[in-house]
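Please examine the model shown below together with its sequence.

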Amino acid sequence: MSSHVHAAPIRMRFFTRGTWVLVALMAVGLVFAAVRFTKGIGAVTNLDNQWPWGIWIAIDIACGVALAAGGFTTAALAHVFHREKFEPIVRPALITAMLGYTVVVIGLLADLGRYYNVWHPMVPSMWSGHSVLFEVGICVMFYLTVLYIEFLPMVTERFRGRVALPGALRPLNGFVEGLLRLFDRTLGRIMSVFIIAGVVLSCMHQSSLGALMVIAPYKMHPLWWTQVLPLLFLLSAFCVGPCMVIFESMLASRAFGRRPEMEVLGPLSKILPVLLFFFISTKAMDLAVRGQLYRLADGSWQSGVFLVEMGVGFVLPFLMFFSSRVRRSPRLLFTAATLVIFGVVMNRIDVFLVAFRPVYATKHYFPHVGELAITTGLIAFLIFAYRFVVLNFPVMHVEAPASPPGKEAPHA
Amino acid sequence: MDRRDFLKTVGAVGVGIAAADASASTAVHAPPDAFGVLVDTTACIGCRKCEWACNQVNELPVQPLEEFENKDVFAAMRRPDAGNFTVVNQWAREGREGNVWAKVQCLHCNDPACASACLVSALEKQPNGAVKYDPWRCMGCRYCMVACPFQIPAYQYADALSPEVRKCTFCVERISGGERPGCVEICPVECLIYGKREELLTLAHERIGAYPGRYVDHVYGEHEVGGTSWLYIAGQPFTSLGFPELGEQSPARITENIQHGIFRRFIAPVALYATLAQVMWLGSRKDEVAAAAKGEDHHE
């Protein structure tokens, strides 16, 4: 799209001590995954007939999708609403979304009892338009495709004119080179179609993800069960998108020895009070309209959890983002963004697990060590893959644009 | 790219999305000729023969019939599971000495939340009343288990290769062939009565009307979550027999109304797409004009 991104692969050693920690966590996750795929879901989870869904849904899927919202929110800001100053954060956010959704799908395969049937929603004879999960599944599938298409320009930039496949693949060099040139010529023209599609698909499935639990009104705590759950999920996705961008950008600056991009992140955080206001006020109005406000003071542990979620995760950062001191200070900005991420993660866990009350509950659900290990392994893989991509593809904004003299890439 | 190209591509995508509209039906699935079973809990003697017959018919792990005469199992409330599609629970009789029993199994809702939840139509309400499960379609997501207001579907968590969602089948093969379900067939005291749901409802109200001292005036399953194929009458409130208190609307109606409201003819997503496209195009126009006014040369 716009032509003033100067991004380049980060030059540094791939394997550091931190990377090896990730490898170790992935290995532990793989061991438990091996048990899951040979002995069944029951062998590595505390799921049963009362508690059919655990953290693989609440964290791997629900939080995974929510925290990947940086991708569509920044794409919308920079490309649809033409806030070009946010251009430097679009690519990192896109990569996070692309890898995040990839990990969501891998996590889903662990949770599906018949994972080999994962393609069934694409078969017309099995379509069920009345199922919320069908809508989520189809949108996620299309959106993942869109994300990989949006990633293609980074591939062409990196390899165009430099295709040198080794050994037996050498005869393919010409073909691959031609393909990249074709992408290069065409993608820029049609990319807007995919960018808008990505935003629309995201709005659709972010909200539908919230509609999932609406079907269990008799099994949900009334503080969380409401017909406006889809709207609340969409609004909180809008909130957490920019916060994830701030969070990641700060962490990446530290990991890759760069200066925090405050000149981009500061202005970005200006929209957060507005977004958080919409979420908090919708939530408060919903409680008031349903006559459930009194439950906040009923002293139950659920009301305590709810107050922490809303107070620490949304109201506190809402107030913080108002202050220009917070918006100018890397440390405070990072803190406020982290609080919103905490709030949204807690909200998803609350909706899918804390609020869930089996009709004939004989126990509480707490994740099995195997569930924790696989979830941790997936998160480690996400960070590992992110590091690999930013070290090998032009993702990160280059501070002093070292554009090659004379020849400037004509596309994006 | 110029405006016309842009709008053309945008339009093509919009039409494509609209054509993919697969969600047209809002019908409530309450088959007129559905069969059902009326459970008269005041007649049940807690013999558990229905459990044995169910295991036989459905080829579940089964012990000799004598094992089912063991009354110790009544010490704790049991739930159906992947190897037992029906269980009988014992409850204290209200107002008098002694016990009452209530058989538990899938109630085969008229408008089942499990089938509405399923994304691959692996659970479907049949015209004969049964909510039938097709393991070949199933992905094993267990959303049906989340959705069921009666906590009925069970899962084969120990099976790594082809786990199934398990629940009462309403002996769908038997009833399609004109036979009665296994549990009804064996019941020695006619506590279980099989027939057309409409006729069973009439019978239930006749019994309640004829013996008002014997029954509470409530046919469980007549209205609960949109009605169920299995119906219960009892001599005491159903909450004292382990039945959940439920409203008259099926949870499926709530989500499907939201879902069909948002996606009716795909108007909302297409409108959002068109709006964003317009915003995007206007913005790029403005940028170009501004750049031209500044006298800068701009590419593309």
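The model is a predicted one, in which local features need pLDDT of at least 70 and side-chain atom pairs count only at pLDDT 80 or more, while totals for chains, interfaces and linings use all residues. Residues are numbered from 1 along each chain as its sequence is written, and chains are lettered from A and ligands numbered from 1 in the order in which they are written. Helices (H or I, at least four residues) and strands (E, at least two) are DSSP runs, numbered from the N terminus.

Several helix pairs can be followed in chain A. For these, axes are lines fitted to C-alpha atoms, for helices over the stretch in contact, and angles run from 0 to 180 degrees between N-to-C directions. The axes of H4(A) (70-80) and H5(A) (residues 87-111) come within 8 Å and cross at roughly 150 degrees. That angle makes H4(A) roughly antiparallel to H5(A); angles under 35 degrees count as roughly parallel, over 145 as roughly antiparallel, 65 to 115 as roughly perpendicular and the rest as oblique. The crossing of H4(A) and H5(A) is left-handed, a term used if the near helix is turned anticlockwise from the far one by less than a right angle, with right-handed used if clockwise. Residues making the contact include Gly70(A), Gly71(A) and Thr74(A) of H4(A), and Ile89(A), Val90(A) and Ala93(A) of H5(A). Here two residues are in contact if their C-beta atoms, placed from the backbone, lie within 7 Å. By class, this contact of H4(A) with H5(A) has seven nonpolar, four polar and one charged residue. Ala, Val, Leu, Ile, Met, Phe, Trp, Tyr, Cys and Pro count as nonpolar, Asp, Glu, Lys and Arg as charged, and the others, Gly among them, as polar.

H11(A) (residues 301-322) and H13(A) (residues 330-354) pack with their axes 8 Å apart, at an angle of about 150 degrees. These two helices, H11(A) and H13(A), are therefore roughly antiparallel to each other, and H11(A) passes H13(A) in a left-handed crossing. Among the residues in this contact are Val305(A), Val312(A) and Phe314(A) of H11(A), together with Leu339(A), Phe342(A) and Met346(A) of H13(A). The contact of H11(A) with H13(A) divides into 15 nonpolar, four polar and two charged residues.

H1(A) and H14(A) (residues 369-392) have axes 7 Å apart and pack at about 135 degrees. That angle makes H1(A) oblique to H14(A), and the crossing is left-handed. The residues that meet include Leu22(A), Met26(A) and Phe32(A) in H1(A), and Ile374(A), Phe381(A) and Phe384(A) in H14(A). This contact of H1(A) with H14(A) comprises 15 nonpolar, five polar and two charged residues.

Chain B has nine helices and nine strands. Of its 300 residues, 42% count as buried, meaning that 20 or more other C-beta atoms lie within 10 Å of a residue's own; a residue is exposed if 12 or fewer do and partly exposed in between, with C-beta atoms placed from the backbone. Contacts in chain B between residues at least 6 apart in sequence join residues at least 24 apart in 63% of cases.

Three strands of chain B form an open sheet in the order S8-S1-S9, with mixed pairing; two strands pair if DSSP finds at least two bridges between them. S8(B) (192-196) and S9(B) (230-233) stand at the edges, each with a single partner strand, so one side of each is left without a neighbour in the sheet. The twist averages 25 degrees from one strand to the next. S1(B) (residues 35-40) pairs with S9(B) in the parallel sense over four bridges, and Leu38(B) stands opposite Leu231(B) in S9(B). H7(B) (residues 197-210) packs on the sheet, touching S1, S8 and S9 of chain B, and its direction makes about 130 degrees with that of S8(B).

Elsewhere in chain B, S2(B) (residues 87-92) and S3(B) pair in the antiparallel sense over six bridges, with Asn99(B) in S3(B) as the bridge partner of Ala92(B). Six residues lie between the strands of this hairpin, where Gly95(B) takes a positive phi near 85 degrees. S3(B) (residues 99-104) is mostly covered, five of its six residues being buried.

The contact between the chains takes 57 residues from chain A and 58 residues from chain B. On the side of chain A that touches chain B, the helices H1(A), H2(A), H4(A), H6(A) and H7(A) each supply at least two residues. The largest share of that side, 11 residues, comes from H7(A). The residues of this side of chain A divide into 34 nonpolar, 18 polar and five charged.
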